[in-house]
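Me: Hi, I've got a new structure to look at. Can you walk me through it?
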Amino acid sequence: MTISSIPVLDLSQYNAQDPTSPSSVQFLHSLYDAMANVGFFYISNHGIPLELQQKSVSTIKSFFKLPLEEKDKINLDNSPHFRGYSKMHSETTDYKQDNREQIDLGREEEALPLEGTAVYSHLRGPNQWPSQIPEFKEIITQLQTSMTDVGLLLLRAMATVLEFDQEEFMSLFGKDYSVRMKLLRYPALNDPVDRPLDHGLGVGPHKDRGFLTILLQDEIGGLQVQTLEGEWIDAKPIPNTFIVNIGEMFERLTKQVFVATTHRVVNKPSANYTDRYSIPLFVSPSIEAKIPQVDLVKTKKRNIVSDIKPDQLLQNEIYGINELQGYLRSHKTAANAWYHFDKDKKEWNRKANRASL
């Protein structure tokens, strides 16, 4: 089946308390088709107020307009938990430096002691919040909570449509499920100040490593999705919708029957140097969770064309190892500052103190 557009699903059709109702069944059928044939879909009628979406985008715009020295006060390199601000070209995706700047956030958590904890446990910790914008934390936390609630609802729907045991499936997440959020600015391709590198990619081809991603994007566009046949199509902005895609851990769970879709963002030229802003939220299992592999009887594995090669996938049984490996290869300066690779044991360890680089 050749796909030329991304489907729109009406989330109000789905009632988690009554999944056998006619509207729920219709939604679950559409969800199955979207997961099987595209791996990406829009959701409408999601319950997240438009005002909150607009305030959130306006808030992150205010941050990115600050001078670099002000933004750098919450530099990600300060954090062993990979949280904070990254300037243009700081993150690496598909072996290329990203043409974007961003803030990485997660659930607000206490840092764990160095002794007696797995190295990936240090992904838990506090966020860095900008003090220059007093309402920043409150607004973004409210959006994070709202998007997470939608994500957890969708996960239950995904479990239902694949006939997984609900409680067994959701036990992978538990109370310590992982949530990560990025606040992103992509400058125009012809921006004279924050000039993108010549490859023209805000972020190169990649798959998201968790279970589920929910994306709020503005009206500018630039997100592209690679179909199962290898063609690139635009994920054009639709007002008051969110874009959803499945991640690598869901791909592992289903033994690659359902495949995390490769996607990228291109920096678009603009006569007025108009930036693109987006806010993706990643819902994943607890970092200690072991991801099983389940045989699906009704759906068969297919040949997929993707710019991402098999050796680039993160497919360890323990989710936290995958998440840490993802950050170590994407944020090399922070990785070198806070982590050390033991060549004899062939494992990463957390440093007690930040190394001088």
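Reply: Let's start with a term: a nonpolar core is a set of buried Ala, Val, Leu, Ile, Met, Phe, Trp, Tyr and Cys residues joined through side-chain atoms within 4.5 Å. Buried means under 20% relative accessible area, with exposed over 50% and partly exposed in between (1.4 Å probe, protein chains only). This is a predicted model, where local features need pLDDT of at least 70, side-chain atom pairs count only at pLDDT 80 or more, and totals for chains, interfaces and linings use all residues. Residues are numbered from 1 along each chain as its sequence is written, and side-chain values use heavy atoms, with hydrogens and water left out.

Me: OK, how many residues are in the largest nonpolar core?
Reply: The largest nonpolar core has 80 residues, and L31, M35, L155 and F211 have the most contacts inside it. Helix α4 (residues 136–161) supplies the largest share of this core, 13 residues. Helices (H or I, at least four residues) and strands (E, at least two) are DSSP runs, numbered from the N terminus.

Me: What does L31 touch?
Reply: Not counting residues up to four places away in sequence, L31 touches L9, F41, A157, M158 and V161. Contact here means heavy atoms within 4.5 Å. There's also a second, separate core of 14 residues, which includes I6, Y42, V203 and L223.

Me: Switching to T241, where is that?
Reply: T241 is in the loop between β11 (232–234) and β12 (242–246).

Me: Buried or exposed?
Reply: T241 counts as buried because its relative accessibility is 9%. Its side chain reaches the backbone oxygen of I238 at 2.7 Å. Leaving aside neighbours within four places in sequence, T241 is in contact with Y42, I43, S44 and H46.

Me: And G202, which strand is that in?
Reply: G202 is in strand β8 (residues 201–206). At 0% relative accessibility, G202 counts as buried. Beyond its neighbours within four places in sequence, G202 is in contact with D98, N99, R100, Y186, V265, V266 and N267.

Me: How far apart are the C-alpha atoms of G202 and L112?
Reply: They're separated by 34 Å, and the two residues are 90 apart along the chain.

Note on methods
Polar contact = N/O pair within 3.5 Å; in protein donor to acceptor, adjacent residues only side chain to side chain.
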